[in-house]
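The sequence and the structure come first.

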Amino acid sequence: MKNKFTIIFFIFFIFLSEKLFAENIFITAKNITIDKNDNTSIFENQVVVKTQNKVIQSDYAKYDKLNGYLLLKENITLVDEKNNKLFTNFAEYYENEQIFNTKGYTKVETEELYTLQGEDIFLNNKKKLIKSEKNSTLVDQEGNKIFIENFEYLVNDSLFKSLGFIEIQDTKN
């Protein structure tokens, strides 16, 4: 009897442990379809994804739990813990690596009131890195515009680099 209780307790503990450690992402939507064979779930209509430090909203999401991969489409808004906002129509989120990768037009509004508009923006939360190899425009609080290509922003160092063409349009000439 004691061995059965120990085995049951052990199985129960392992089940709970997997739930506690595997559930780093919470997704809600009006319509949910689960494919147990592929271990994927499709979420549609008012999708809300909550992670440790950000909330993502979209019209569509497909989540592959085994690989920690989330595909997002249409009307995507990402808001982080500092109230920085990102808007796009197609993105991929790699849960384990904490990488958020957009495809196509993307707009970022920072808490410091800077606006970044560009394409194919790559955000790595672990390395605190934002970058794009495409043309982008950065607008500051005063309306000054910086046109850049192939930029990299190191969040922790507040360092902005560009390896390509840079043009600055100052509002005061």
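Accessible areas here come from the Shrake-Rupley method with a 1.4 Å probe. On that basis, the protein chain exposes about 11700 Å², and carbon and sulfur atoms supply 54% of that area. The model is predicted.

## Chain overview

The protein chain has 173 residues, and buried residues make up 31% of them. Its secondary structure comes to one helix and 14 strands.

Contacts between residues at least 6 apart in sequence give a view of how the chain folds back on itself. Of these contacts, 25% join residues at least 24 apart.

## The largest pocket

Rolling a probe the size of a water molecule over the atoms shows where empty space is left. The largest pocket has a volume of about 790 Å³. Its lining consists of 31 residues, and those nearest the pocket centre are Asp 80, Asn 84, Ile 130, Tyr 153 and Val 155. By class, the lining divides into 15 nonpolar, eight polar and eight charged residues.

Several strands contribute to this lining. At least two residues each come from strand E5 (69–80), strand E6 (85–94), strand E7 (99–102), strand E10 (122–124), strand E11 (129–139) and strand E12 (145–154). The largest share, three residues, is supplied by E11.

## The second largest pocket

The second largest pocket holds about 180 Å³ of space. Residues lining the second largest pocket are Asn 24, Thr 51, Gln 52, Asn 53, Lys 54, Tyr 93, Glu 95, Asn 96, Gln 98 and Asn 125.

By class, the lining of the second largest pocket has seven polar residues, two charged residues and one nonpolar residue.

Ala 91 is found in strand E6, and strand E6 is among the strands that supply at least two residues to the lining of the largest pocket. Ala 91 counts as buried because its relative accessibility is 0%, and the cut-off for buried is under 20%.

Between Ala 91 and Ala 61 the C-alpha to C-alpha distance is 9.6 Å, with 30 residues separating the pair in sequence.

Definitions and conventions. Residues are numbered from 1 along each chain as its sequence is written. This is a predicted model: local features need pLDDT of at least 70, side-chain atom pairs count only at pLDDT 80 or more; totals for chains, interfaces and linings use all residues. Side-chain values use heavy atoms; hydrogens and water are left out. On a 1 Å grid over the protein atoms alone, a cavity is a set of points where a 1.4 Å probe fits but cannot get out, and a pocket is an open set with protein on both sides within 12 Å along at least five of seven lines; lining residues have an atom within 4 Å of a point. Grid points are joined across faces, edges and corners, and a volume is the space filled by probe spheres set on the points. Helices (H or I, at least four residues) and strands (E, at least two) are DSSP runs, numbered from the N terminus. Ala, Val, Leu, Ile, Met, Phe, Trp, Tyr, Cys and Pro count as nonpolar, Asp, Glu, Lys and Arg as charged, and the others, Gly among them, as polar. Buried means under 20% relative accessible area, exposed over 50%, partly exposed in between (1.4 Å probe, protein chains only). Contact means heavy atoms within 4.5 Å.
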